[in-house]
Amino acid sequence: MNSIIKRNQREKRFKFYGILAVATAILLLVILLFKIFSTGISAFNQTYIGVKIQIQVNSDISNLDPRRELRRNIRTMFPDVKTRSEKKNLYSLFSNGAYYEFEEMLDNYNGEKIDGYYYFLASDDLDMYFKGTVKRKGNSAGRIQPSQMKYIDMFENMNLIELKYNKYLLGSSDSREPELAGILGAIYGSFYAILIAFITSFPLGILTAIYLEKLASKNRFSDIIETNINNLAAVPSIVFGLLGLAIFLNFFDLPRSASLVGGLTLGLMTLPTIVIASRSAIKSVPPSIEEASIGLGSSKIQTIFNFSLPLAMPGILTGTIIGMARAIGETAPLLMIGMVAFIVDIPSGPMDAATALPVQIYLWQDSPERAFVERTSAAIMVLLLFLFLLNITAVYLRKKLEKKW
Amino acid sequence: MTKELKISAKNLNVFYGKKQALFDINLNIYANEVTSLIGPSGCGKSTLIKCFNRMNDLVDICKYSGQIMIDGQDINHSSTDPVSLRTRIGMVFQKPNPFPKSLYDNIAYGPRLHGMFNTKEDLDEIVISSLKKAGLFNEVKDRLFESGTGLSGGQQQRLCIARALAVNPEIILMDEPCSALDPIATAKIEELIEELKEKYTIVIVTHSMQQAARVSNRTAYMHMGELIETGLTKNIFSNPKHAKTQDYITGRIG
């Protein structure tokens, strides 16, 4: 009797430990996500300053310098600003992007009269202050001097400082100025790299798995290959970076920093994962189905392509997507092949120099400007979103392709 | 009345690696008869039946010596293609193994593979007649395009028989076809075997002596990889010549 009670207690205790472990894991995950989201969410909005713009009907704007014209409009709002240093302080509240925005506005001028307040991008210092990331101490806040704060207060009193959707974050490429920096270039770079990694490693991985599992005779040689593939899956990713550097850059002389090279390197890195997943998926196809096919007079290859492969496909795809998810978040091999550069242009193809999303995160977290902190977190949010989507796809494909028997 | 010889094994030895599975088997199987192989587990019945359509080729470590002749042709000769050999020999397995496809596609698989039809109508005809031969058509005619895995065990096994019949084989090998089925489903399969022997040569491995007695014309008793005794079923069961056969059919071993 006593032993039964003890056994039940033991089982309850063990169950409790299990719940505790799961709860700890969930708690840590929630803390991580909360930290990233609470820091990153503000990067999706950006501070803008309203400026009164006046352009008469049918003005000739072809000779206007947007920079001078915007500054003239700003100065009109503050007639007291006279000296050079006062002007400099006033203008410094605006980002360089404000002049591009104004230029765009002038490009779209259709001859109608313009008279009203239009919003232009503020500098990252003002942005940090306005979002409350940098706290005000007396008349200064972080890098904002009292001489600048004077104008900020004036704009605030006129209700001309506003948060608007940050179109630069998801719409542009990297920049030295945080308020203009975006991850679109990195998203393109990641996309090309993953596409190339998939195109190279998926067929190679499946063919390797089929050969090893179904066609190769079991001998010493196939044992050695098997052991090596299993070991390759555990090789640190930076070593694959070195391999990519040696093969694709030094030997084949492919362009440095190109997502083509990044993709090939990531493909090499993912290959063992795909081979292992595909082999176990092919192995788990019921032999009775394959026997039935052989018994009806199918050749070995016909059996593989009619039954083994389609029935193993859910498992193969799941393994592939997990491998791809690992590759999309990988930084180290990309550092080795030079995808760690500061690139302002959005790559137009896999041969162009590019960075990838995790490398962009790595670069931004290293930048001194405060405004890059929230951008780093925002980029992590986007990366997590991609990983989440990939995993959803894996689950969906598995459910859809899985057949019961 | 002399029967036409269909399969004959001469001095057949089979090895799995170093282990010998069959010892010097000499067996004749006649056309349009049911021959059953009986014997205790592990005696080599399934190994023998798999030699007839060279399924053992799939096992790397399996080696043969001796001869198997089908219609006077050595099937292990290098000029014999195992794939075309298997189209002449249908096989039904122990566990029903329909493909995870529709009933129609299950049966159409073989004919499609070997290009045995010209028009869609021909294929429909093959599918329907195979189902009719397997006695399954009336039960499934309304759901030909549903999955074959949704049928009951007995129906699945008859589907597998229909699938084997669709490629128009001469010989049907059955490896314990009823071992996973209930008595009613078993009775249906046995009836079916009775009908099929008019047109096909049937070799059946079975664990049930009653089944061997009911369905087969000839019986071969195997023990530890050796063929102990073979003869007409009625003689084997009523008057076994060998003591081991006697022991087995009276239930003392096995």
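Reader: Which residues gather in a patch of positive charge on the surface?

Author: The model is a predicted one. For a patch, one looks for residues with over 30% relative accessible area and no salt bridge, with like charges joined within 9 Å. Here the positive patch is formed by A:Lys6, A:Arg7, A:Arg10 and A:Arg13.

Reader: Where is A:Arg7 found, and what is its relative accessible area?

Author: Helix α1 of chain A, residues 2-40, contains A:Arg7. The relative accessible area of A:Arg7 is 43%, so this residue is partly exposed.

Reader: Which residues gather in a patch of negative charge?

Author: The negative patch on the surface brings together A:Asp65, A:Glu103, A:Glu104 and A:Asp107. Of these, A:Asp107 belongs to helix α4 of chain A, which covers residues 96-107.

Reader: Is A:Asp107 buried or exposed?

Author: The term exposed requires a relative accessible area over 50%. A:Asp107 has 60% and is therefore exposed.

Reader: Turning to the fold, how many helices and strands are there in chain B?

Author: Chain B holds 10 helices and 10 strands. Its radius of gyration is 18 Å, close to the 18 Å that the globule rule gives for 254 residues, so chain B is as compact as a globular protein of that length.

Reader: What does the C-alpha trace of chain B span along its principal axes, and what share of its residues count as buried?

Author: The trace spans about 55 × 45 × 40 Å. Buried residues make up 54% of the 254 in chain B.

Notes. Residues numbered from 1 in each chain as written. Chains lettered and ligands numbered in written order. Predicted model: local features only at pLDDT ≥ 70, side-chain atom pairs only at ≥ 80, totals over all residues. Heavy atoms only, no water. Patch = residues over 30% accessible without salt bridge, like charges linked within 9 Å, V, L, I, M, F, W, Y side chains within 5 Å. Areas by Shrake-Rupley, 256 points an atom, 1.4 Å probe, with all protein chains shown as cover. Salt bridge = Lys/Arg side-chain N within 4 Å of Asp/Glu carboxyl O. Lys, Arg positive; Asp, Glu negative; His and termini not counted. Charge placed at Lys NZ, Arg CZ, Asp CG, Glu CD. Helix = DSSP H or I, 4+ residues; strand = E, 2+ residues; numbered from the N terminus. Buried < 20%, exposed > 50% of the residue type's maximum accessible area, 1.4 Å probe, protein only. Rg over C-alpha atoms; globule rule 2.2 N^0.38 Å.
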